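Hi,

Here is the structure I promised to pass on. Have a look at it first, and then read on for what turned up.

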Amino acid sequence: MEIEQICRVFGVLHRHSLDHIAGFARELGISAVDCIFLLFVFANEGINQEQLSALLTIDKSATAKAMKSLERAGYIQRTQSSQDRRAKNVFSTEKARGIQPLIKADLRAYMEAVTREVSPGDLDITLRTIEAVTNRLPARP
């Protein structure tokens, strides 16, 4: 596979996915990136911001900005960590938990639509391959 083809495929998939999420997130009063952060807060209640940055390989300042945005929108609550006074633990609010099923249903429907022609076996192999590549990436500074 040519490098241009790899760049094109990943770029198209990334942009199309973000565009879809942005449309849904806009209705919630947040950005697509905020929506992605919120999904990971749902899955990791109480995670601290530094861990969230590492999990998503997003720099700490972008994470802090997203957390402020989600907090202003009423979707998360941050509390000071009892183990590390400098760290903030992140929790979803009742408001966020109320929309969690909608977000997950929308993303599930989107994924089913874009993978409709792909067999479950091929999809599993693709996901495992992308995860293997992702796991070999160097840490972001």
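So, how many salt bridges does a search of the whole structure find? The answer is five. Keep in mind that this is a predicted model.

Side chains of opposite charge can pair when their charged atoms come close.

Start with E50 and K60, whose side chains form a salt bridge with an N to O distance of 4.0 Å. This one ties together distant parts of the chain: E50 sits in helix α3, K60 in helix α4 (residues 60-72), and they are ten residues apart. E50 counts as exposed because its relative accessible area is 51%, where the cut-off is over 50%. K60 is exposed too, at 53% relative accessibility.

Next, look along helix α5. E94 and R97 are both in that helix, three residues apart, which is about one turn. Their side chains meet in a salt bridge at 3.2 Å, N to O. E94 is exposed, with 59% relative accessibility, whereas R97, at 37%, is partly exposed.

Helix α6 holds another such pair, D124 and R128, four residues apart, again about one turn of the helix. The closest N and O atoms of this salt bridge are 3.1 Å apart. D124 comes out as partly exposed, at 38% relative accessibility.

D34, in helix α2 (residues 32-43), is buried and yet has no salt bridge. Which side chain of opposite charge is nearest to D34? That would be R72, 7.0 Å away, and a salt bridge needs the nitrogen and oxygen within 4 Å. What D34 does have is a polar contact of 2.6 Å between its side chain and that of S69. Leaving aside residues up to four places away in sequence, D34 touches A66, S69 and L70.

Last stop, the largest pocket. It holds about 2200 Å³ of space and is lined by 40 residues. If you want to find its centre, L13, H14, S17, L127 and I130 are the lining residues that lie nearest to it. The elements giving two or more residues to the lining are α1 (3-28), α2, α3 (49-56), α5 (94-114) and α6 (120-135). Of these, α1 supplies the largest share, with ten residues.

Happy browsing!

Note on methods:
Residues are numbered from 1 along each chain as its sequence is written. This is a predicted model: local features need pLDDT of at least 70, side-chain atom pairs count only at pLDDT 80 or more; totals for chains, interfaces and linings use all residues. Side-chain values use heavy atoms; hydrogens and water are left out. Buried means under 20% relative accessible area, exposed over 50%, partly exposed in between (1.4 Å probe, protein chains only). Lys and Arg count as positive and Asp and Glu as negative; His and the chain ends are not counted. A polar contact is a pair of N or O atoms within 3.5 Å; within protein, one must be able to donate a hydrogen and the other to accept it, and residues adjacent in sequence count only if both atoms are side-chain atoms. Contact means heavy atoms within 4.5 Å. On a 1 Å grid over the protein atoms alone, a cavity is a set of points where a 1.4 Å probe fits but cannot get out, and a pocket is an open set with protein on both sides within 12 Å along at least five of seven lines; lining residues have an atom within 4 Å of a point. Grid points are joined across faces, edges and corners, and a volume is the space filled by probe spheres set on the points.
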